[in-house]
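Trainee: I am new to this structure and would like a close look at one part of it, the end of the chain. Please set that part against the rest.

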Amino acid sequence: QVQLVESGGGLVQAGGSLRLSCAASGSIGSFYVMGWCRQAPGKQRELVAGTTSDGSTNYADSVKGRFTISRDNAKNTVYLQMNSLKPEDTAVYYCVADRRRANWYPPKYWGQGTQVTVSS
């Protein structure tokens, strides 16, 4: 059974930084894609950042240049470094993963989520 456990959320002032971590049960090498989605109150979930096993990354336009996703296969962990945070980044952030190489959104596996709140 796949388990994705997020940590690192919290309250931060605008302009600050947070780093989210996602620890996966078992080897993350079996996942083609791992990433982070978020859901703000009253809004749909959106893909924030993703990374594939062949090294490619992609980001939502709203976070490009501010967020960085990285993947440590040896530690079975995926990270999301969030800099220059804005109040509109406030959301529950979910770690996601999928083994499919095509048509993988929405991802099959989701963590329980971690709250990120950015105060103005």
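In which segment is Ser120 found?

Mentor: Ser120 is found in the segment after strand E11, which covers 114-119. Strands (E, at least two residues) and helices (H or I, at least four) are DSSP runs, numbered from the N terminus. Before going on, note that this is a predicted model, in which local features need pLDDT of at least 70 and side-chain atom pairs count only at pLDDT 80 or more, while totals for chains, interfaces and linings use all residues. Residues are numbered from 1 along each chain as its sequence is written, and side-chain values use heavy atoms, with hydrogens and water left out.

Ser120 has a relative accessible area of 89%, so it is exposed. The classes are buried for under 20% relative accessible area, exposed for over 50%, and partly exposed in between, with a 1.4 Å probe and protein chains only. If neighbours within four places in sequence are set aside, Ser120 is in contact (heavy atoms within 4.5 Å) with Ala14 and Pro87. Tyr94 lies 26 residues from Ser120 in sequence, and their C-alpha atoms are 23 Å apart in space.

Leu11 is found in strand E2, residues 10-13, and counts as exposed because its relative accessibility is 67%. Beyond its neighbours within four places in sequence, Leu11 is in contact with Thr117 and Ser119.

For a contrast, turn to Val96. Val96 lies in strand E9 and is buried, because its relative accessible area is 2%. Leaving aside neighbours within four places in sequence, the residues in contact with Val96 include Leu4, Trp36, Cys37, Pro107 and Trp110. Val96 and Gly50 are 46 residues apart along the chain, with 8.7 Å between their C-alpha atoms.

The structure holds one disulfide, that is, a pair of cysteine sulfur atoms within 2.5 Å. This disulfide joins Cys22 to Cys95, with the sulfurs 2.0 Å apart. The pair links distant parts of the chain, as Cys22 is in strand E3 (residues 18-24) and Cys95 is in strand E9 (residues 91-98), 73 residues apart. The torsion about the S-S bond of Cys22 and Cys95 is about -80°, which means the disulfide is left-handed. Cys22 is buried, because its relative accessible area is 0%. Cys95 also counts as buried, because its relative accessibility is 0%. Cys37 is in no disulfide, and the nearest cysteine sulfur, that of Cys95, is 9.3 Å away. With 0% relative accessibility, Cys37 counts as buried.

A few backbone details come next. Most residues other than glycine have a negative phi, and most peptide bonds are trans. Asn76 is not a glycine, yet has a positive phi of about 50°; Asn76 sits in the loop between strand E7 (67-72) and strand E8 (77-82). Ser84, again not a glycine, has a positive phi of about 50°. Ser84 lies in the loop between E8 and E9 and is partly exposed, because its relative accessible area is 41%. The peptide bond from Tyr105 to Pro106 is cis, with omega near 0°, and Pro106 lies in the loop between E9 and strand E10 (109-110).

Last, the chain as a whole. The chain has zero helices and 11 strands. Its C-alpha trace spans about 40 × 25 × 25 Å along the principal axes. With 120 residues, a compact globule would have a radius of gyration near 14 Å, and the chain agrees with 13 Å; this radius is taken over C-alpha atoms, and the globule rule is 2.2 Å times the number of residues to the power 0.38. Buried residues make up 45% of the 120 residues. Among contacts between residues at least 6 apart in sequence, 56% join residues at least 24 apart.
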